Amino acid sequence: MEEDRLREEICELGRSIFERGLTHGSTGNISARCPDGWLLTPTGSNLGRLDPARLSKLDWSGRLLAGDQPSKESFLHLAMYQERQRNGAVIHLHATHSVAISVLEGLDPNDLLPPLTAYYVMRIGRLPLVPYYAPGDLGLAEAVRGYAGRHHALLLANHGPVVGGSSLAAAADAIEELEATAKLYLLLQGQRVRPLTPAQLADVKRRYPEG
Ligand SMILES: [Zn+2]
């Protein structure tokens, strides 16, 4: 059954993300659209130790249908799904290098990172910064809604990335590409850098228009 497969996939992905240090403690949450609602990791859960049977199942108004209480950040996921009907999965992490980018001064808030590699252009493209909101402030949901129609990848200021994808695998590939590019960007601080040229960038976008 589709939902059972998604439950297994969320737990397997959570374990992989946690074991590679892409989020820590009980931070980060993973969701997936299923035939009659959506699944989300529960509040306070550690992504390395998820139980498929206890994932939160919600409806499209955010109401809990079954399972444990959902992550307190469920509104982030709901805003992404509501604005992006084609998204089948959303991942939010407190990934160290991406968080570092979210607190760095002097970056363009409409396009935080330069096109260092073609894969970054294909999987992320343009990454905007969503202004800071305190934990639990529902103003963040409205802010995310404002960006989500135009962007599948967002960086929350002083917090972390939120990335949607057609599937769990696509969302994971994109958020991992973002974290790797953030790390690369930080490694290159103070060095002379040669990002893709405008012509190389246009060529990648022509070959992979979905990017
Ligand atoms: Zn968070």
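This is a predicted model: local features need pLDDT of at least 70, side-chain atom pairs count only at pLDDT 80 or more; totals for chains, interfaces and linings use all residues.
- Arg 207 is exposed, with a relative accessible area of 54%, while Asp 203 is partly exposed at 26%.
- Shared partners join Glu 3, Arg 7, Asp 36 and Lys 57 into one salt-bridge network.
- A search of the whole structure finds 12 salt bridges, and one of them brings the side chains of Lys 57 and Asp 36 together at 2.8 Å, N to O.
- That pair links distant parts of the chain, 21 residues apart: Lys 57 belongs to strand S3 (residues 56-58), and Asp 36 to the loop between S1 and strand S2 (37-40).
- Lys 57 counts as buried at 9% relative accessibility, whereas Asp 36 is partly exposed at 49%.
- Arg 63 and Asp 59 also meet through their side chains in a salt bridge, at 3.2 Å, N to O.
- Here Arg 63 counts as exposed at 53% relative accessibility, and Asp 59 as buried at 15%.

**The zinc site**

- The zinc ion is coordinated by Glu 73 through two OE entries, and by His 92, His 94 and His 159 through NE2, at 2.0 to 2.8 Å.
- Along the chain, the donors follow the spacing E-x18-H-x1-H-x64-H.
- His 92 lies in strand S5 (residues 89-92) and His 159 in the loop between strand S7 (153-156) and strand S8 (160-165), so this pair ties together parts 67 residues apart in sequence.
- His 92 is buried, with 0% relative accessibility, and His 159 counts as buried too, at 17%.

**Thr 27**

- Thr 27 is found in the loop between helix H1 (2-19) and strand S1 (29-34), and counts as buried at 16% relative accessibility.
- Its side chain makes a polar contact of 2.7 Å with the side chain of Thr 23, and reaches the backbone oxygen of His 24 at 2.6 Å.
- Setting aside neighbours within four places in sequence, Thr 27 is in contact with Leu 47 and His 94; His 94 is one of the zinc ligands.

**Asn 158**

- Asn 158 has a positive phi of about 50 degrees, although it is not a glycine.
- Most residues other than glycine have a negative phi.
- Asn 158 is placed in the loop between S7 and S8, and is partly exposed, with a relative accessible area of 46%.

Note on methods:
Residues are numbered from 1 along each chain as its sequence is written. Side-chain values use heavy atoms; hydrogens and water are left out. Donors are N, O and S atoms within 2.8 Å of the metal (3.2 Å for Na, K and Ca); water is not among the atoms, so sites may look incomplete. Helices (H or I, at least four residues) and strands (E, at least two) are DSSP runs, numbered from the N terminus. Buried means under 20% relative accessible area, exposed over 50%, partly exposed in between (1.4 Å probe, protein chains only). A polar contact is a pair of N or O atoms within 3.5 Å; within protein, one must be able to donate a hydrogen and the other to accept it, and residues adjacent in sequence count only if both atoms are side-chain atoms. Contact means heavy atoms within 4.5 Å. A salt bridge is a side-chain nitrogen of Lys or Arg within 4 Å of a carboxyl oxygen of Asp or Glu.
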